[in-house]
Amino acid sequence: MSLKIRKGIPLIDQHDKNGMWGGKFGGNFVPETLKKPIEDLENLFSKLRKDKSFIKERDYYFENYVGTPTPLIRLDNLTDHLGGAQLWAKVVSENPGTAHKVYACIVHCLIAKRAGKRYVCTDTGAGMQGKNLAMVAKKFGLKAKIFMGLRDLVRQKKNVDVMKKYGAEVVPVTSGSQTLVDAVSESMRYWVANCQDVHMVIGSTVGPSIFVKISGYSTSQISRELKVQLIEEFGKIPNKLKLLNCVGGGSSAYGFWSEFIDYDKKHVSLIGVEAGGSKKSKLHAAPLSNNSKLGVLHGAKAYCIQDNDGQIGETESLSSGLDYPSVSPLHCFLKDSGRAEYTSATDEEALNAYKLVSKLENISPSLEPSHAFATAISLAPKLSKDTILCIDSCGHSLKDSDIIKEKLGFYTE
Amino acid sequence: MKSEIQLTFENCKRENRPALLTYTVASDPNKKKSLQIINSIAKYADIIELGFPHSTPVGDGGQIQTSSNRAIKNGFKMRDTFQIANKFKKNYKNKPVILMGYYNMIYQYGENKFLKDCKKSGVSGIICVDLPWPENKDFAKKCKKKSINFIQLLAPTTTKDRMRKIIKDSHDMVYYISMLSTTGGKLKVSPKKILQNYNKIRKINPNKNVVIGFGITDKTISSLKSAQGLVCGSFLCKTITDSLRLRHNPAEKLGKVVYNLKKKIL
Ligand SMILES: Cc1ncc(COP(=O)(O)O)c(C=O)c1O
């Protein structure tokens, strides 16, 4: 039986009293110690959402610090080159944090201030979350601790330098695969031990349900802007619109889509692109497009790469930001209800997409959104000219310059 | 009929001492040796907690992570947990075994099959780290139906009102987490403070057996001996790690260490 999404209510609020979406995704599978801090956060957040001064402050920082709206641009050269659908990009990376992570970092820091917490901690994979929290925490006078897998620390060193510049403490995580999954675990462990003084931030729409909600609430700014921009550009929401977004944990995609979920899927289709890993390898980080089983990871029930016993499986992706074995309960719900579809792109396809896009256009997507560009590039020629393919360019490539140089022999910003 | 767990606590009470509960990981360092270890520990321990290792244990610190990784690397499969428990119970008929782990492992095994295999192998209770109340209501009921103890956890952050509700849904034993920490942390709260909280819990329902865990080592155990039960885990996992490094026989070493712990609470 397929699940039903209700109209007129944000998807983040369509959970039951246990924080489960569609009766089967999400929840709060956490150690007892965290129940109270989570409940406090739930209460505070639900109060703040109705608080005009909080919303005013949020919007102030979105406007004057992030800069709203981030540009929506037509990719003329890419469109001509591919022949077929019109390609557009919302260049979310054009903000001081160069990624969509900035929205939730601002909202979380505002919440932390109101909760009277002076410390924040978070996980990071690509380093975008770490960089943004470091940056925003400094602005708000909070001390940030960033957990990052050692493997990511090496491959995304540029962002680590920025975190340190902003005065954050970066803690290398050496357990497990030394990537994002371990960073999230370690950040949660730190919160278990320090929940009275520390506000935990999770870098995507994953984790216990309140973190899914706050993350999705924050990135929704992207689709609020997009809706206005599309109407300005086309006079209405185009008849054949496809919104493409890479999916790691899924906060970027949820934020890009949230205003459009109520539209009929023939009108606005939602396409999520997961990380397929190297084409030479069986490993990937794409639980939705590989039909991974339902499992419990980091407090939430969601589709998850794992073995028969329930041990979390190894993942692989050239893009640290997508390299996570599970995915947001929101996307599990969107998939099972049939509202969104999910596919994956390989490392090689993402690199080729980066190469083509950065050559033809004046944008430079990081490896994560390059996955979405890869799918767009393969779809566009097959689609009619009145189809609008809009891609969320949610990260800037600078952090990947070393990887790109190594793989392609050159890097242009 | 009284459960093995209940009888064990009654017995300890008669002897005017706390129950000693030990935690080690199934298949750490391998299947055979982990059985030898609990066989050797059980001479002095009252209740054996056997962990089924998980790759992503968010409630555990370094020592238990190390033990878990070692077990998984050495080929641990969920069914090994039951085989180890089963063999152990052949030697120690009345010594309760409690399985402890993360919910995803139970979920993938299937709750019903898990309980069936618990029953078959003589397991008395279950602690599930990330299945708190009320998320655990259905599963705890299923356990009760099978006469298996579902052991509820309480933490320093648990409110009084929540404690009452949890204790109401608890079976024979309740586990109090001594401090805000993952396992393996240094005891950062004074024993006096821990026992104050502990006594508040005891008052809610004096019929429940409440044990204290987290931060318990050979150094701290005697300061908490007025509790009904004390759980020692990371300290033992670390002892296994150390004895492997020194090429000692971990079963022999663990026997000595647990004997020593027991002496301190008599
Ligand atoms: C640039 C970029 N894009 C996408 C992602 C993945 O984002 P999400 O978890 O929102 O899917 C990340 C995560 O680190 C990122 O840095």
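The accessible surface of chain B comes to about 11100 Å², and carbon and sulfur atoms account for 50% of that area. This value, like every other one below, is computed from a predicted model.

**Overall form of chain B**

- Chain B contains eleven helices and nine strands.
- A compact globule of 266 residues would have a radius of gyration near 18 Å, and the 17 Å of chain B agrees with this.
- The C-alpha trace of chain B spans about 45 × 40 × 35 Å along its principal axes.
- Of the 266 residues in chain B, 61% are buried, where buried means under 20% relative accessible area.
- Among the contacts in chain B with a separation of 6 or more, 71% involve residues 24 or more positions apart.

**Overall form of chain A**

- The secondary structure of chain A consists of 15 helices and 14 strands.
- The radius of gyration of chain A is 19 Å, close to the 22 Å that the globule rule gives for 413 residues, so chain A is as compact as a globular protein of that length.
- Along the principal axes, the C-alpha trace of chain A extends over about 55 × 50 × 45 Å.
- Buried residues form 64% of the 413 residues in chain A.
- When contacts in chain A between residues at least 6 apart in sequence are considered, 74% join residues at least 24 apart.
- The 54 positive and 45 negative charges of chain A have mean positions that lie 2 Å apart.

**The sheet of chain B**

- Strands of a sheet pair through backbone hydrogen bonds, either parallel or antiparallel.
- Chain B has an open sheet of nine strands with parallel pairing, in the order β5-β4-β3-β2-β1-β9-β8-β7-β6.
- The edge strands of this sheet are β5 (149-150) and β6 (152-154) of chain B, each of which pairs on one side only.
- Strand β3 (residues 97-101) of chain B pairs with strand β4 (residues 125-128) of chain B in the parallel sense, over four bridges.
- B:Ile98 has B:Gly125 in β4(B) as its bridge partner.
- Strand β7 (residues 173-177) of chain B runs parallel to β8(B), and five bridges join the two.
- Opposite B:Val174 stands B:Val210, which belongs to β8(B).

**An enclosed strand in chain B**

- Five of the five residues of strand β8 (residues 209-213) of chain B are buried, so this strand is largely enclosed by the rest of the structure.
- In a regular strand the side chains alternate between the two faces of the sheet.
- Both faces of β8(B) are covered: buried residues on one side are B:Asn209, B:Val211 and B:Gly213, and those on the other are B:Val210 and B:Ile212.

**An enclosed helix in chain A**

- Helix α9 (residues 209-219) of chain A is largely enclosed by the rest of the structure, because eleven of its eleven residues are buried.
- The buried residues of α9(A) include A:Ile210, A:Phe211, A:Val212, A:Ile214 and A:Tyr217.
- A:Lys213 is also buried in α9(A), as are A:Ser209, A:Ser215, A:Gly216, A:Ser218 and A:Thr219.

Methods: Residues numbered from 1 in each chain as written. Chains lettered and ligands numbered in written order. Predicted model: local features only at pLDDT ≥ 70, side-chain atom pairs only at ≥ 80, totals over all residues. Heavy atoms only, no water. Rg over C-alpha atoms; globule rule 2.2 N^0.38 Å. Buried < 20%, exposed > 50% of the residue type's maximum accessible area, 1.4 Å probe, protein only. Contact = heavy atoms within 4.5 Å. Lys, Arg positive; Asp, Glu negative; His and termini not counted. Charge placed at Lys NZ, Arg CZ, Asp CG, Glu CD. Pairing = 2+ DSSP bridges. Areas by Shrake-Rupley, 256 points an atom, 1.4 Å probe, with all protein chains shown as cover.
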